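Subject: Handover of a structure, with notes

Dear colleague,

I am passing the structure below on to you, together with my notes on it. Please read the notes with the coordinates open beside them.

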Amino acid sequence: MNSQRTDYLLPLEGTSITALPKISLHDHLDGGLRPSTILEIASEIGLETPAGDPESLQAWFDESCDSGDLVDYLKTFDLTIAVMQTPDHLARIAREFVQDLGADGVIYGEIRWAPEQHLTKGLSLDEVVEAVQSGLEAGVEDVRATGQNIRVGQLVSAMRHLDRGLEIAELAVRHRDRGVVGFDIAGPENGFPPSNLKAAFDYLAREYMPRTVHAGEAAGLASIESALFDGRAMRLGHGVRIAEDITLEREDEESSFVALGPIAQWVKDREIALETSPSSNLQTGTIAQWGDEMIDHPFDLLYQLGFNVTVNTDNRLMSNTTLSRELAVLAETFGYDLADLEVFQLNAAAAAFLSIEDREDLTTQILQGFGRS
Ligand SMILES: [Zn+2]
């Protein structure tokens, strides 16, 4: 195994966040490659890369993704997806992905990706899902061989601007007993509401297949509403812009009160998990209306108001991050302690697309890892 472990410590307690058991619900396979692997596969297939060594390539990702230009950000996926077009390459990348989650102390990960983007060499949708599954299973074995426990599941995403939603939904259901735990839609949110994929979501509901929907990231409340109504979303991918439905009113110096609109009230009361990804949300302009620094992120407002917040990485390569680092950044910014971080993990355990027994098992592991039992 070649994954490196970086320890992130809680500012107050000095606890290693990396060593704590964690759950990763929003983690893109094509956004979590190792730079060294990209270079090796690119040289094998004769693909030109913007840099020749892993450090320079990571710097290119950092620069492209920090530019504030969504087009530059998305362009980086052309490179990662280009090296993920054969069964061997898909399996290798999936395997390393799980090794890296294990090195970061993740005990359960849901790994999302869009099979329809990996067919340029003539593979079928079923073949690419099977290739990724074989890699994930090998990665799980590798992590377990180190004495650590990990479990993973695939979320298959349909690209919202393309017309294969129902086909991808059927693919998800076909593989539900062989590694796929749920369905997602990804790609451009603006102008491509979940209602466009109504047939897919109706089918998934009839099949009792869990659904999460990217919403409230690049678009606002109307997109979240369509995710809830048309997508019957059980979780929201980011969902950060639900904060647009929250009004803070200051009465005087001493007191202020908060008013929730109907969508925010529903998301809160029904405990619909928000898959927030702090660094990514900053890079893609999701929180632009509130500011451009972590302290401006509505994460803390949502948490304090009792929303079901979870913490995620979105794209570890593009944001040069890990789940432990995202938690460390939040702890540093908002003064969170071990008990807060535990809440985020318990929220994620409860929101995982697993059976109630398996979710309770994750909860037990988290309580033990955080020293509660
Ligand atoms: Zn995402």
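This is a predicted model: local features need pLDDT of at least 70, side-chain atom pairs count only at pLDDT 80 or more; totals for chains, interfaces and linings use all residues.

Strand β3 (residues 151-159) gives another picture, being mostly covered, with eight of its nine residues buried. Strand β2 (residues 106-113) runs parallel to β3 and is joined to it by six bridges, and within this pairing Tyr108 stands opposite Arg151 in β3. Between these two strands the chain crosses through helix α5 (residues 125-145), and this β-α-β crossover is right-handed. Strand β4 (residues 180-186) also runs parallel to β3, again with six bridges, and here Met159 has Ala186 of β4 as its bridge partner. The chain reaches β4 from β3 by way of helix α6 (residues 165-174), in a β-α-β crossover that is right-handed.

The next part to look at is an open sheet of four strands, which has the order β5-β6-β9-β10 and parallel pairing. Its edge strands are β5 and β10 (309-311), each of which pairs on one side only, and the twist from one strand to the next averages 30°. Within this sheet, β6 and strand β9 (residues 273-276) pair in the parallel sense over three bridges, and Leu236 has Leu274 in β9 as its bridge partner. Helix α8 packs on the sheet, where it touches β5 and β6, and its direction makes about 170° with that of β5.

In a regular strand, side chains alternate between the two faces of the sheet. In strand β5 (residues 212-215), Thr212 and His214 point one way while Val213 and Ala215 point the other way, and all are buried. β5 pairs with strand β6 (residues 235-238) in the parallel sense over four bridges, and His214 stands opposite Gly237 in β6. The chain goes from β5 to β6 through helix α8 (residues 221-229), and this β-α-β crossover is right-handed.

Tyr208, which is found in the loop between α7 (198-206) and β5, has a positive phi of about 55° although it is not a glycine. Tyr208 counts as exposed, because it has 8 C-beta neighbours inside 10 Å. Arg232, in the loop between α8 and β6, is likewise a residue other than glycine with a positive phi, in this case near 45°. Because Arg232 has 15 C-beta neighbours inside 10 Å, it counts as partly exposed.

Leaving aside residues up to four places away in sequence, Val240 touches Gly216, Glu217, Thr276, Asn281, Thr286, Ile287 and Pro298. For Ile287, which lies 47 residues from Val240 along the chain, the separation of the two C-alpha atoms is 7.6 Å.

Finally, there is a helix pair to describe. Helix α1 (residues 35-45) and helix α2 (residues 54-66) pack at an angle of about 105°, with their axes 8 Å apart. Angles of 65 to 115 degrees count as roughly perpendicular, and α1 and α2 are therefore roughly perpendicular to each other. Pro35, Ser36, Ile38 and Leu39 of α1 make the contact with Pro54, Leu57 and Gln58 of α2. By class, this contact of α1 with α2 has five nonpolar residues, two polar residues and no charged residues.

With best regards

Definitions and conventions:
Residues are numbered from 1 along each chain as its sequence is written. Axes are lines fitted to C-alpha atoms, for helices over the stretch in contact, and angles run from 0 to 180 degrees between N-to-C directions. Angles under 35 degrees count as roughly parallel, over 145 as roughly antiparallel, 65 to 115 as roughly perpendicular and the rest as oblique. Two residues are in contact if their C-beta atoms, placed from the backbone, lie within 7 Å. Ala, Val, Leu, Ile, Met, Phe, Trp, Tyr, Cys and Pro count as nonpolar, Asp, Glu, Lys and Arg as charged, and the others, Gly among them, as polar. A residue is buried if 20 or more other C-beta atoms lie within 10 Å of its own, exposed if 12 or fewer, and partly exposed in between; C-beta atoms are placed from the backbone. Two strands pair if DSSP finds at least two bridges between them. A crossover is right-handed if, with the strands pointing away from the viewer, the path from the first strand over the helix to the second runs clockwise.
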